[in-house]
Amino acid sequence: MQGKILFAEADDTIYIKGIGHITAALCTDLKQRLFDKFTETTGPKEIAVDLKDCSYMDSTFMGLLAGCNRRLEKVSSRKIDIYNASESSVKLLQSMELLKVLNISSGAKDFPDKMEELGVKNSVDPALVLNTHENLMELSESNRKKFSTLHELLKQQIEDSK
């Protein structure tokens, strides 16, 4: 089942809701929207992610969170806040070592009622997948090992397409 990502901004906060099965096909628009909000020295003050209705997240989505978190920490010294994470979501985040860098909040957060549904891409840019997996590889040696073959294949695919 294809999932969806809802997106909103208000008061220097970016709100993201992951619903259903979150895969790389949903990440292109999200990356563009998120990274457009950052410069070298400025960006949102907070990023809040609601995973209440998220049944699955792939490594591309989790790597995008890792990269975005790095940018957020650089401009605001804050971590991405994850709200309403199910046990399975926490296990997925833990499997990628993301609990070291993201904040799992036990509190409640009001998300905007009106959120934009981001688009789904039929094909995924290999550079996006490469970048997000490099973000995960930076977190731990186990991630480096886990994604080393994928990393080499994607680098070769990108090089061959030039």
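Modeller: Happy to. Contact here means heavy atoms within 4.5 Å. With that in hand, 72% of the contacts between residues at least 6 apart in sequence join residues at least 24 apart. Please keep in mind that this is a predicted model.

The part I would pick is helix H2, residues 59-76, and Asn69 within it. Asn69 has a relative accessible area of 1%, so this residue counts as buried, the cut-off being under 20%. Leaving aside residues up to four places away in sequence, Asn69 touches Arg78, Lys79, Ile80, Val101 and Leu102.

Ser77 is not a glycine, yet its phi is positive, near 60 degrees. Its relative accessible area is 67%, so Ser77 is exposed. Asp12 also has a positive phi, of about 60 degrees, without being a glycine. Asp12 sits in the loop between strand E1 (4-10) and strand E2 (13-22), and is partly exposed at 46% relative accessibility.

As for the setting, the chain holds 5 helices and 7 strands, in the order β-β-α-β-β-α-β-α-β-β-α-α from the N terminus. Its radius of gyration is 15 Å, which agrees with the value near 15 Å for a compact globule of 162 residues. Of those 162 residues, 44% count as buried. The accessible surface comes to about 8,500 Å², and carbon and sulfur atoms account for 46% of that surface.

How values were computed. Residues numbered from 1 in each chain as written. Predicted model: local features only at pLDDT ≥ 70, side-chain atom pairs only at ≥ 80, totals over all residues. Heavy atoms only, no water. Helix = DSSP H or I, 4+ residues; strand = E, 2+ residues; numbered from the N terminus. Buried < 20%, exposed > 50% of the residue type's maximum accessible area, 1.4 Å probe, protein only. Rg over C-alpha atoms; globule rule 2.2 N^0.38 Å. Areas by Shrake-Rupley, 256 points an atom, 1.4 Å probe, with all protein chains shown as cover.
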